[in-house]
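User: I have a structure to go through and would like to start with its overall form. Could you take me through it?

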Amino acid sequence: MPDTSDPMNELVKQLRHWRIVPVIVIDDPRDAAPLAHALLEGGLPCAEVTFRTPKAADALRVIAQECPDVVVGAGTVLTVQQAAQACESGARFIVTPGFNSTVVDYCIDHAIPVFPGVCTPTEVDAALSNALAVLKFFPAEPMGGAPFLKAISAPYSMVKFIPTGGVNLNNLSAYLSLPCVLACGGSWLAPREWVRAREFDRIRLETERAVQTVRQLTGGA
Ligand code: 3PG
């Protein structure tokens, strides 16, 4: 039975409902709140702020403080220092591109949900040995997409994946139709250039389209 007092279980429950994790790159923290509101209004109260810009932690903090209805996490976390900075800024989860055991250990020690990236059985085994059973599958499309994920997931019925990397409206359904997929991550809802151009209405509309696709798949549930 899910234990909703546990942050990981609660987050997994939410992701199972939303089925999409918007991956965002923010250059200017002044864009953070309007971007988060666009996602929220589009129907996705969730954002992964990637640590790929010097202002990522500031942007994350703005969303955590000014948009409490949005579950915000940190992505592209490569070091323990970044993980600590993300937590201090209000991140509710951490995503890493690969399986970095020092970052994973930090997150486990600090009870912050972590979704490490994997794309081989060896990496899935490493995650399982740390009792992690929700993993980012990255880079999803270049690795072979939904057919590859279906094959790699076969021995691991206890693992759920968040495919990310090349996911968009055209292939979203193929991933979400796999029983092993919890949710998909992607930047297509809010590409960096749209954010830079402050095209927040466009981001809201793209988010609505994605949510509509999820609804069609789940029969409106
Ligand atoms: C990530 O940061 O997880 C990925 O680079 C996002 O991939 P995408 O830009 O292809 O969606």
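Analyst: This is a predicted model.

User: What does the C-alpha trace span along its principal axes?

Analyst: The C-alpha trace of the protein chain spans about 45 × 40 × 35 Å along those axes.

User: And how many helices and strands are there?

Analyst: The protein chain has eleven helices and eight strands.

User: What percentage of the residues count as buried?

Analyst: Of the 221 residues, 52% count as buried. As for contacts between residues at least 6 apart in sequence, 60% of them join residues at least 24 apart.

User: Let us turn to the helices. Which residues of α5 are buried?

Analyst: In helix α5 (residues 101–109), the buried residues are V103, V104, Y106 and C107. They lie on the same side of α5, because the arc they cover around the axis is only 160°.

User: What do they pack against?

Analyst: The buried residues of α5 pack against α4 (80–89), β4 (94–96) and β5 (114–118). Just after α5, A111 takes a positive phi of about 55°.

User: Which residues of α8 are buried?

Analyst: For helix α8 (residues 145–153), they are G145, A146, L149, I152 and S153. These residues cover an arc of only 130° around the axis, so they are on the same side of α8. On the other side of α8, P147, K150 and A151 are exposed.

User: Why would residues three or four places apart point the same way?

Analyst: An α-helix has 3.6 residues a turn, so residues at that spacing point the same way.

User: What covers the buried residues of α8?

Analyst: The cover includes the helices α6 (121–129), α7 (140–143) and α9 (172–176). The strands β6 (134–137) and β7 (160–163) are also included.

User: Where is N171, and is N171 buried or exposed?

Analyst: N171 is in the loop between β7 and α9. N171 counts as buried, because its relative accessibility is 13% and the cut-off for buried is under 20%. Leaving out residues up to four places away in sequence, N171 touches E141 and G166.

User: Now the strands. Where is V72, and what does V72 touch?

Analyst: V72 is found in strand β3 (residues 71–75), and V72 is buried, with a relative accessible area of 1%. Not counting residues up to four places away in sequence, V72 touches A47, V49, L60, I63, A64, G90, A91, R92 and F93.

User: How far apart are V72 and F138?

Analyst: V72 and F138 are 20 Å apart in space, C-alpha to C-alpha, and 66 residues apart in sequence.

User: What about G117: which strand holds G117, and is G117 buried or exposed?

Analyst: G117 is in strand β5. G117 is buried, with a relative accessible area of 2%. Apart from neighbours within four places in sequence, G117 is in contact with T96, P97, G98, F99 and K136.

User: And the separation of G117 and T164, in sequence and in space? How many residues, and what distance?

Analyst: G117 and T164 are 47 residues apart in sequence and 9.0 Å apart in space, C-alpha to C-alpha.

User: Which residues line the largest cavity?

Analyst: Its lining consists of L15, V21, V23, E48, F93, V95, F115, K136, I162 and T164. By class, these residues divide into seven nonpolar, one polar and two charged. F93 and K136 have already come up: F93 touches V72, and K136 is in contact with G117.

User: How much space lies in the largest pocket, and which residues are the closest to its centre?

Analyst: About 240 Å³ of space lies in the largest pocket. Of the 14 residues that line the largest pocket, M8, N9, V12, R16 and V134 are the closest to its centre.

User: Which helix gives the most to that lining, and what classes of residue make up the lining?

Analyst: Helix α1 (residues 7–18) gives the most to the lining of the largest pocket, with five residues. The lining has nine nonpolar, one polar and four charged residues.

Conventions. Residues numbered from 1 in each chain as written. Predicted model: local features only at pLDDT ≥ 70, side-chain atom pairs only at ≥ 80, totals over all residues. Heavy atoms only, no water. 1 Å grid on protein atoms, 1.4 Å probe; cavity = no way out; pocket = protein on both sides within 12 Å on 5 of 7 lines; lining within 4 Å. Points joined across faces, edges and corners; volume = space filled by probe spheres on them. Helix = DSSP H or I, 4+ residues; strand = E, 2+ residues; numbered from the N terminus. Nonpolar A, V, L, I, M, F, W, Y, C, P; charged D, E, K, R; others polar. Buried < 20%, exposed > 50% of the residue type's maximum accessible area, 1.4 Å probe, protein only. Arc of directions from axis to C-beta. Contact = heavy atoms within 4.5 Å.
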